[in-house]
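Please look over the model below before reading my points.

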Amino acid sequence: MTTSPYRALPSMDRLLADPRLAEIIAAYGHERVADQARGALEEARQAIGNGGAPRSADELVAVVLARARAQWQPGLRRVINATGVVIHTNLGRAPLSREAVAAMALAAQGYSNLEFDLESGERGSRHVHIEALLTQLTGAEAALVVNNNASAVLLGLTALAQGKEVIVSRGQAVEIGGGFRIPDVLRQSGARLVEVGTTNRTYVGDYDAAISHETAALLRVHSSNFRVIGFTHSAALPELVELAHRRGLLALDDLGSGCLLDTTAYGLAKEPLVQESVEQGADLVFFSGDKLLGGPQAGIIVGRKAPVEWLKRHPLARAVRIDKASLAGLAATLTHYLKNKATERVPVWQMIAAPLERLEQRASAWAAALRQAPSAGSGHRPLAGSGQAQDAALGEGVAVVDGRSMIGGGSLPEESLPTRLLAISSVALTGGATPEAVAARLRALQPAVVARIERDVLLFDPRTVLPDEDEELVAALRAALAGL
Ligand SMILES: *Cc1c(COP(=O)(O)O)cnc(C)c1O
């Protein structure tokens, strides 16, 4: 008589008594770990039912630990961004300055005068902490900050144009990305979209002809992440402002990125400045806190006093209000601009302004560190035997090459900055590993490393790797190349 393969599986009790599970049982409790063990055993039984071999106790412990890690460790992990895309929306957009992070920690840690007037001892407004900074930097009369720019635009249109018409150029009734579509946002606000002009050409006369007694506003939307080239025309903001005010309407400007510094100083195309929109008379200007401004997620609205006040008092403002930590981080970020220190202190601008020689130095230092045999005890030593072959391969497969960094974040499409990249070609990959496999290994590390692959070459751009991440990056590269 043969024994059933099911009997080869350990019992629940024996599995849970394994010392390797003691730590997670202590941390998360017996019940939760028992649930994972039950699931692992159930899977093992199904595998046997499908004709597979019974799993060993070691394998089952590994499965329980892996399930626990996958489900209970916070999913949001630190990533080293070696892609060269400065404002990488999927990687969390703008990294913050030290001062902004410190201000956010301070606001989060304890109590603050968020909505408390320390002078009178009475209720205050969270807007006062940021309004003066914004009006000084942009020249606007008033300002308001909300959760993000999508909610800023939604709030603006709801408060000012609900039940009325808003005129938008056909070429600007677009999707910005991440599901933000101007026609949908307009519909959600209760305003009616009136599209004018054609996809490539719209004149101020087109807006003029479409104005009715139902019209509340003319809206300009910055074509953040695409460009129409060739036979094109769009109405300039001053023309729209002149028309809107002559006909008793509002001129609204969704700038998207919301840049305060001149991008042409770095060889990039011109990104419209918030100060210019204000100066040209837009009643309200909407922009993000975490794109080219380089601060935390926020939606910023600056403009004339009366419409800003309407927005502040609208019930939707409460639903999209900014959180205290973001408010503190945004104020600290704006302070860098006020002190004329943005390119030195705001990481997004440090990256844009990074001199090519400095990028070259860092990429070369990474390459040199990789070519060097890792010192004993450096942690990620390749397995004995593969070491020498790999060191030789690294000498040939590792190089520093010319490349381009992108701005990203829906800013300056098609625009790039010259950079120097660490390039690891397949010559450096031992054991038949593909560049994709090495990239996957890099993503599985803590912190994860995200790189680019072009024509089978792994590329690492120092522009977007924070300077204090250099050592971690080299250690990660060693580990991934050694197949760890
Ligand atoms: C990015 C963008 C938005 C949305 O801003 P979020 O801060 O991501 O909500 C809206 N309008 C334009 C033109 C944009 O570029």
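**Notes on the model**

1. Residue I453 has L458 of β18 as its bridge partner. Strands β17 and β18 (residues 457–460) run antiparallel, paired over three bridges. Two strands count as paired if DSSP finds at least two bridges between them. Helices (H or I, at least four residues) and strands (E, at least two) are DSSP runs, numbered from the N terminus.

2. This is a predicted model, in which local features need pLDDT of at least 70 and side-chain atom pairs pLDDT 80 or more, while totals for chains, interfaces and linings use all residues. Residues are numbered from 1 along each chain as its sequence is written, and side-chain values use heavy atoms, with hydrogens and water left out.

3. The pair β17 and β18 belongs to an open sheet of five strands, in the order β2-β14-β15-β18-β17, with mixed pairing. Which strands stand at its edges? They are β2 (85–87) and β17 (452–454); each has a single partner strand, so one side of each is left without a neighbour in the sheet. From one strand to the next the twist averages 40°.

4. Helix α17 (residues 356–371) lies across β14 (398–408), β15 (411–424) and β18, at about 35° to β15. Helix α19 (residues 435–444) packs on the sheet and touches β17 and β18; its direction makes about 35° with that of β18. Contact means heavy atoms within 4.5 Å. Axes are lines fitted to C-alpha atoms, for helices over the stretch in contact, and angles run from 0 to 180 degrees between N-to-C directions.

5. Strand β6 (residues 165–169) is parallel to β9 over five bridges, and E165 has R192 as its bridge partner in β9.

6. For N149, a polar backbone atom lies 3.0 Å from an oxygen of the ligand. The protein covers 93% of the 380 Å² of accessible area that the ligand has on its own (Shrake-Rupley method, 1.4 Å probe).

Notes
Polar contact = N/O pair within 3.5 Å; in protein donor to acceptor, adjacent residues only side chain to side chain.
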